[in-house]
There are 4 protein chains.
Amino acid sequence: MPQAVKRKIFNDPVYGFVTVPSELVFRLIDHPYFQRLRRIRQLGLTNLVYPGALHTRFHHAMGAMHLMDQAIEVIRSKGHTITDAEAEAANIAILLHDIGHGPFSHALENSIVHHVTHEDISGLIMDRLNVELGGKLDLAIKIFRNQYKKEFLHQLVSGQLDMDRLDYLRRDSFFTGVSEGIVSSNRIVKMLNVVNDQLVVEDKGIYSIEKFIIARRLMYWQVYLHKTVLSAEHLLVNILKRAKMLAEQGVELFCTPALKIFLYDKITKTAFVKRPEVLEAFARLDDYDLMAAIKVWTDHSDRILAELCRNLVDRNLYAVELQNKPFSGSYVEELQRKARKKYDVNKDELPFYVFTGAVQNKAYSTDNIRINILFKNGQVMDIAEAADLFNISVLARPVKKYFLCYPKQLRS
Amino acid sequence: MPQAVKRKIFNDPVYGFVTVPSELVFRLIDHPYFQRLRRIRQLGLTNLVYPGALHTRFHHAMGAMHLMDQAIEVIRSKGHTITDAEAEAANIAILLHDIGHGPFSHALENSIVHHVTHEDISGLIMDRLNVELGGKLDLAIKIFRNQYKKEFLHQLVSGQLDMDRLDYLRRDSFFTGVSEGIVSSNRIVKMLNVVNDQLVVEDKGIYSIEKFIIARRLMYWQVYLHKTVLSAEHLLVNILKRAKMLAEQGVELFCTPALKIFLYDKITKTAFVKRPEVLEAFARLDDYDLMAAIKVWTDHSDRILAELCRNLVDRNLYAVELQNKPFSGSYVEELQRKARKKYDVNKDELPFYVFTGAVQNKAYSTDNIRINILFKNGQVMDIAEAADLFNISVLARPVKKYFLCYPKQLRS
Amino acid sequence: MPQAVKRKIFNDPVYGFVTVPSELVFRLIDHPYFQRLRRIRQLGLTNLVYPGALHTRFHHAMGAMHLMDQAIEVIRSKGHTITDAEAEAANIAILLHDIGHGPFSHALENSIVHHVTHEDISGLIMDRLNVELGGKLDLAIKIFRNQYKKEFLHQLVSGQLDMDRLDYLRRDSFFTGVSEGIVSSNRIVKMLNVVNDQLVVEDKGIYSIEKFIIARRLMYWQVYLHKTVLSAEHLLVNILKRAKMLAEQGVELFCTPALKIFLYDKITKTAFVKRPEVLEAFARLDDYDLMAAIKVWTDHSDRILAELCRNLVDRNLYAVELQNKPFSGSYVEELQRKARKKYDVNKDELPFYVFTGAVQNKAYSTDNIRINILFKNGQVMDIAEAADLFNISVLARPVKKYFLCYPKQLRS
Amino acid sequence: MPQAVKRKIFNDPVYGFVTVPSELVFRLIDHPYFQRLRRIRQLGLTNLVYPGALHTRFHHAMGAMHLMDQAIEVIRSKGHTITDAEAEAANIAILLHDIGHGPFSHALENSIVHHVTHEDISGLIMDRLNVELGGKLDLAIKIFRNQYKKEFLHQLVSGQLDMDRLDYLRRDSFFTGVSEGIVSSNRIVKMLNVVNDQLVVEDKGIYSIEKFIIARRLMYWQVYLHKTVLSAEHLLVNILKRAKMLAEQGVELFCTPALKIFLYDKITKTAFVKRPEVLEAFARLDDYDLMAAIKVWTDHSDRILAELCRNLVDRNLYAVELQNKPFSGSYVEELQRKARKKYDVNKDELPFYVFTGAVQNKAYSTDNIRINILFKNGQVMDIAEAADLFNISVLARPVKKYFLCYPKQLRS
């Protein structure tokens, strides 16, 4: 009797099921480093605007791996060789591509950690796992870092049409309920092919690609950069900055041991590399450390910290204005003047109450790995030129918007 | 020009949108007591089996209110009078019906709090809100407690076909991805009517009701009482019991101030009523307090507590067996003997490692408020008799199952 | 450069896409015999109750083949050998399993053709196609007729858990909008396995199977045997019977040449086998021949035919009563008396106006190929015994209902 | 006891249910003129490319009325008065807006009927129904023809953001399975408002409107003007032209009496107005008359007619090329030369085999009733100016494409 291969299955409301393709992959999913992603929301504080958006990086990574598995099957069925080892490595590369994300995704990067990106940390964690597993991730890491000869495998992991984007657009629109972002991930995956070691999309899928680029732009402005989401995220960043400031002054703050290191030590990239306990602490840090601390800080003796924390916990967010040009200095100063009076804060503390900034996004970038269309006659063309219905090159220009945040109480 | 009524809208991937029906309802949603529900998951640890099941009691309460609003419109359209005040009160009653739920839903009730149900606490919180709002919740509370003359309004809030169940079955199946639980909530709501002040369903909807009862049974055994979910929940309960035990011995445990009260004080129902700070602490307690503490306790000096916590955090759950009859004493003793040897625990500590229990569920109860079917000839009949396709009275008998949990390492 | 395999893709709102697995399969789909299925609705006149139910046997056959393709992949991944030739043959067998269906599915069988089932005709058409293709369908036909050594392949085509049922339940619930019938086809397919050459379902899927049997029963009574659907189908059968009666008397009837043969000749099974033009005419007959004729017959000089046709075209259907026991003779006679008076018809014509009948359905049959559950310990058990939540053996008893149809105008 | 209002409910897989808002509306739905729409597919021959696209004008009209009903409720809730009579009239106007559509939607207009649009015929049919109903449609007809003082009601029926478009985009994407066309109809309807008697969309819905315009463009090119759909529709038009040509020569053609009038008489707009039997015949004509005839004509003695019909019935469509500029004369001539040789046809018959044409579409038109956005400060702005993410004014320029059709057999 043949030996049945037992393949673990995960439930997923987006795709129905995600099948774990190999034993090694299952070991990685089971690892505490990966299980931590169950406690990090994919979209940070977006649930304050879209209450369903509570899905985690764990689920997203599983979904991206599911698409990778399908993409590999499609490309193989079109006559290209992908060995089992390469397939497993590509699956691992996409599974682990975001493992370095911290609590609330980008909150730490912008406040208490300096010049360390989540990509850096993903790399460090993958290296550590590779050591633990006796080098079994060598090929996956090569693909992740684009050091493997078959470049298209890297493009499936990280490019403008990678499995990461195909999953997150679809997953985020599912959980937010924003149907504008629905992307025919399955259709696009079925149209993938490889020419000269480059990932391409067959021309039958050209409208789906155009729709994909448009959906991405829509999701940016309707969800990811939604002004109330921006307002919540800046409130969180301000809380962390204030806490860090107090910690540097030696003020005592309730926090978990893992968070303590990041509040009370100066954490640079060097620290991550040189001090093993830093990476170890990071690998224990998740949304719970931050939120539990913030809830306790609502009663802190530092009036500013306490107030900011209460505002987040009770969802009393900043008023926020968003426009296409910078805000006039006089308008901002007027608000600042009101704020100083009302909150009795000094000049250094003012940015916790009134502040401006800018966000920008390109729907398609001509600097990054392009999306190439394969025509029936064999010609390969950048989607920015090949696009049939929409002017993609216009969408390649960045859209920049300026925002202004201030307490709702200052509204005239 | 007529004054436009501004009605706040919430996004919901299940229904599209939930419209807030009145200013007073919006004030309640905005209240910190209700905002807390954003931090309490509807299905506790179920996400360890169904990773999408991260939705909160906040979203469920909004959804149930959405159905209530529709039900009221349907019943009015069939010629029954429901005043605007009654409609608002019914909306409020369903919105607040679960406000007394604690972290991970039932975790506290079963471990560190004694003889206080979440219904008790919901009542206490509603009373406190009513005082704060100068009596504006009087009617809502009457409906909630079934003290209002129009009994069908209470039945919409709490019965075997209430808006609570109609929402949670549909919502839970959406987020878990278990299509078995899909319920035609909209169809059922359209079929509601009132006869002699009792809620009834028109006979056109009889199959939908039969399906609803069946879906409920399926969801119970496929999701709510899924053996791995049971295993995770009992791990959490054991953690809390161990922590409480240590706290009673004066051992120091990392925890937020709100959790501290519940660990170190004896909390009875009297305490809730007499000591205002107890209810206040409860109103600050959510999933974050527990999970943050548990993560820190993974390094606690108490070996048992630390081990249980590591098991939960890294999702190394108990092995669990589920069967229709009690487990044989000898089998359980065999496992206990192994456990004592392997973990070096005494008899009192053994239940943290090996334990049995039972769960049961009735798909339909003849003790509770019945589901009544209205036939075209005016006759009203209990669904257990009226059912056409399935033997509902059989489904009214409880199904009881026995479970046995033990560390995976003990598997022979 | 490797030769890319071009695989034709069909759009399907149910599964997204259906990929045609081989060149031979594509030739069959392209054949006029199969293209005819584009003009035969899967659910006959059900759209008069569920207006979305316009999907065709063409789409259903494609969907069933899609599930077959997945089932084969799943079973192979569990270590069982299925050769490429066997896989293609199984795909063809399911694709063609319903090719012998006539217009409006069962309308002809019950009126103008005698003792010829659609299964008979499917067999005849498959044989003819096999001749045309030089024997390439030999293996497919063996599987279809259960004459091939690997019996589980036949069970995938025709059994109580075949790909036919898995597709039609899901597809019919999609197009009718009856969410009760939604079946986790994908989940069930993933749980398929083979033991001793018999198709089995792994025990993880037991709830999905129970739900499948229940969904089937619900779809029967809510859709397939919906009383208004019954009423419409009997109206159609009565129209065809009346037309046949007139044709036998030599009365002229507008009709297409293909329909003419069936109206004016006596068509038995022998005729199908012996007279090639009969099968040829059948292969040209579809919903359009019938409906176009019926529309013209609304002006026919035979009063009864004209009236019945007008009733169908304008959706003025019979009133219909459905109950669990036979109708009392006196009630029926009373209606008949009214009808004779109102419509001035003789005794022979009365059954066109007032008639009774019975329908019955078993959700699960113990006479047919069983659904077997495979437990982890290797044990295999009939679902009727293995079922955990519902009493499937009760569902195996047939439900029989009696109906009574009469013109709405006779309603007292 | 209050008198229950009985409201008829229709099943709809798109919205769940459509409730018939009044008795008069139900009478119209029940009328043979409206029931005819059950036999006219919304998307003609599109099902030859998207096999699910079999939905009818009946279902679309019901869906558009459902959205109208919701839109009226939303606008009322924002403080605008709409009387019950106006609401019913608006519902009727949208219900009947397409009642003049003939078989396969546009097939007749382009072949055998001259200078009569379906809008003309809709008007004629509405007038006739109004006579039949003793003037009860007066107000509905005024709204339909934009002769009623409240212009926004007409805009809901016919404009660039009318309920017609909101329904068909969503419905067509549901049944084709092209997720690109999914439009948040519900969200848009919730954002409707009225300013100075003009329909506007509140600025919160601006992204949904941009998505709506983009989705429309995508659906045009991916579905409505899909090259294979064009090919099928031109085959049908050529069949009708050839049949008409033969009829004018007195050649006998199998057809229903209703179709006969249109083939053998010269049907102008005057004929529709002056000869009551023309409108009556039209009101009996549907997809079945055409398709039944075409199937019979596959054996017609006219070689060209027979061949074209066989091609349609067996789905052997023209090869079609689609490009952004006109085809070169020499390329077309080359194909024509081949065709004349291969098919032995004369110059007049050549266009049945090889022909070119052009299609064009504007995603948004500045000539038609605009889509206006209402900003919070009260300002109202055309979406072409207000658009935030996409350059809508670019989308307002028509896209024109040229097609070339010829028998597949001529492919070199």
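1. Let's start with A:Lys295, which touches A:Val313, B:Thr256, B:Arg284 and B:Tyr288, leaving out residues up to four places away in sequence. "Touching", or being in contact, is said of two residues whose C-beta atoms, placed from the backbone, lie within 7 Å. A:Lys295 sits in helix α15 (residues 287-297) of chain A; helices (H or I, at least four residues) and strands (E, at least two) are DSSP runs, numbered from the N terminus. Is A:Lys295 buried or exposed? It counts as buried, because it has 25 C-beta neighbours inside 10 Å. The cut-offs, with C-beta atoms placed from the backbone, are 20 or more other C-beta atoms within 10 Å of a residue's own for buried, 12 or fewer for exposed, and anything in between for partly exposed. A:Lys295 and A:Cys309 are 14 residues apart along the chain, and their C-alpha atoms are separated by 6.8 Å.

2. A word on what you're looking at. This is a predicted model, in which local features need pLDDT of at least 70 and side-chain atom pairs count only at pLDDT 80 or more, while totals for chains, interfaces and linings use all residues. Residues are numbered from 1 along each chain as its sequence is written, and chains are lettered from A and ligands numbered from 1 in the order in which they are written.

3. Now the side of chain B that faces A:Lys295's chain. Here 30 residues of chain B are in contact with 30 residues of chain A. On the chain B side, the elements giving two or more residues are β1 (9-12), α2 (32-35), α3 (57-77), α8 (163-176) and α15 (287-297). Helix α15(B) supplies the largest share, six residues. By type, that side of chain B divides into 14 nonpolar, 10 polar and six charged residues.

4. How are the two chains related? Chain B superposes on chain A by a rotation of 180° with 0.0 Å of shift along its axis (RMSD 0.0 Å). That is the relation of a two-fold axis. The superposition is by least squares on the C-alpha atoms of residues with pLDDT of at least 70 in both copies. B:Tyr288 is the residue of chain B that comes closest to the rotation axis, at 2.7 Å (C-alpha). The same surface serves both copies, as 100% of the contact residues of chain B recur in chain A.

5. Along the principal axes, the C-alpha atoms of chain A fill a box of roughly 75 × 50 × 35 Å. Of its 412 residues, 52% count as buried.

6. Which residues touch the most other members of the largest nonpolar core? They are A:Ala90, B:Ala90, C:Ala90 and D:Ala90, in a core of 554 residues. Domain 1 (9-96 + 137-224 + 367-396) and domain 2 (318-362 + 399-412) of chain B both give residues to this core, so it lies between them. A nonpolar core is a set of buried Ala, Val, Leu, Ile, Met, Phe, Trp, Tyr and Cys residues joined through C-beta atoms within 7 Å, and the domain bounds come from an automatic or database assignment. Not counting residues up to four places away in sequence, A:Ala90 touches A:Met68, A:Ile72, A:Ile143, A:Leu153, A:Leu156 and A:Val157.

7. Two loop residues have a positive phi without being glycines. A:Arg315, at about 55°, is in the loop between α16 (303-313) and β5 (319-323) of chain A. With 18 C-beta neighbours inside 10 Å, A:Arg315 counts as partly exposed. B:Asn196, at about 50°, is in the loop between β3 (192-195) and β4 (198-202) of chain B. B:Asn196 counts as exposed, with 10 C-beta neighbours inside 10 Å.

8. A:Leu137 lies between α5 (118-132) and α6 (138-144) of chain A. Residues up to four places away in sequence aside, A:Leu137 touches A:Ile92, A:Met126, A:Leu129 and A:Asn130.

Definitions and conventions. Nonpolar A, V, L, I, M, F, W, Y, C, P; charged D, E, K, R; others polar.
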